[in-house]
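Q: Can we go through this model together? I'd like the overall picture before the details.

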Amino acid sequence: LNTGIAFEGGGIKSKELHRAQNKANLDKGNKGLLQAYKQIGALCDGWQLPNSVSDSAKHIYKEADESKIFKSKSQDALIAGCVFLACRRNNVPRSFREVTELTKVSKKEIGRTFKQLEQLLMKNQRNKEGATSVVSGGEPSLSIDEVREILKLCEGVVVRADEYTGSTSADPSELCNRFCSMLDMDRRTTTVATELASKMKSTGVLAGRSPLSSAAACIFMAGQLMGQPKTAKEIQGVAKVSDSTIRQAYKLLYMDKEKIITQDIIDRGADVSNLVKPA
């Protein structure tokens with residue numbers, strides 16, 4: 001429970017106490033925001049994400065903090081949800097599993113927070129359609145150095161004026177690009193993997209499969225096609241899905257290989273005879 005100091009009819013002393021309490025509350029709020037911004041910045045730096053993601057996550061956090069509906073939720077869960085949603089809004093989506101590994105917050109908790117954040121943003125969008133909000137610290141009562149630091153962290157944090165209509169899930173072709181880079185696969189093989197993922201998505205060959213397992217299977221196939229094979233175990237290390245899941249998804253791709261291995265992919269040097277028939 002919060003204690004408020006009333007000063008009606010209490011004279012100057014009561015008014016001074018009231019002002020002191022308000023100042024203390026403002027100090028606490030600004031310092032909490034500063035700490036959250038530092039954590040968001042550190043998480044985004046750890047993933048080498050663009051500044052737009054960090055800025056977006058900070059603004060989402062501020063909107064959530066001002067809404068007062070996340071008071072019962074841990075700060076770590078709220079920050080994880082903000083970063084996850086900011087990644088999707090800026091077209092650099094990360095999977096729930098990746099965010100869980102980075103933040104140590106459970107997938108279930110991130111999912112719940114993510115849904116609540118989306119609902120909040122969509123509600124705010126309806127209330128302030130077309131408006132552009134810029135994060136500002138108000139009238140802080142911190143030290144000069146703290147004020148400078150929080151203003152630096154907030155610099156450029158702007159919410160786009162376009163209507164917020166929800167986020168999109170991770171795209172397998174984008175995941176292929178990232179995972180191939182982590183596996184030190186060459187550009188030609190990476191391109192084939194992303195093209196397989198795009199074709200797989202348009203034909204619905206792996207409909208219902210997670211983006212992670214779909215991307216992993218496309219990389220597994222692309223490596224064989226281009227003579228740069230990677231084992232399911234190696235791909236498992238970056239995609240964070242089991243090798244058996246990768247093999248099962250690859251089996252489905254192999255069964256419909258005529259649908260996804262286009263002439264353009266063959267012209268890039270892919271050799272279908274290199275494909276290993278699933279057990």
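Q: What share of the protein's residues count as buried?
A: Of its 279 residues, 44% count as buried, where buried means under 20% relative accessible area, exposed over 50%, and partly exposed in between, with a 1.4 Å probe and protein chains only. This is a predicted model, in which local features need pLDDT of at least 70 and side-chain atom pairs count only at pLDDT 80 or more, while totals for chains, interfaces and linings use all residues. Residues are numbered from 1 along each chain as its sequence is written, and side-chain values use heavy atoms, with hydrogens and water left out.

Q: How many helices and strands are there?
A: The protein has 13 helices and zero strands, taking helices as DSSP runs of H or I with at least four residues and strands as runs of E with at least two, numbered from the N terminus.

Q: Which residues have the most contacts inside the largest nonpolar core?
A: They are Leu196, Ile219, Met221 and Leu253, in a core of 40 residues; a nonpolar core here is a set of buried Ala, Val, Leu, Ile, Met, Phe, Trp, Tyr and Cys residues joined through side-chain atoms within 4.5 Å.

Q: And which elements build that core?
A: Those giving two or more residues to this core are α7, α8 (187-203), α9, α10 (232-239) and α11 (243-255), and the largest share, ten residues, comes from α9. Apart from this core lies another, of 31 residues, among them Leu33, Val99, Phe114 and Leu120.

Q: What does Leu196 touch?
A: Beyond its neighbours within four places in sequence, Leu196 is in contact (heavy atoms within 4.5 Å) with Cys218, Met221, Ala222, Leu225, Ile260, Ile261 and Ile265.

Q: Switching to Ser214: where does it sit, and is it buried or exposed?
A: Ser214 lies in helix α9, residues 211-225, and because its relative accessible area is 3%, Ser214 is buried. Leaving aside residues within four places in sequence, Ser214 contacts Pro172, Met200, Leu206 and Arg209.

Q: How far is Cys176 from Ser214?
A: The two are 38 residues apart in sequence and 9.1 Å apart in space, C-alpha to C-alpha. Cys176 belongs to helix α7, residues 172-182, and counts as buried because its relative accessibility is 0%.

Q: So what does Cys176 contact?
A: Not counting residues up to four places away in sequence, Cys176 touches Ala193, Thr194, Ala197, Ala215, Cys218 and Ile219.
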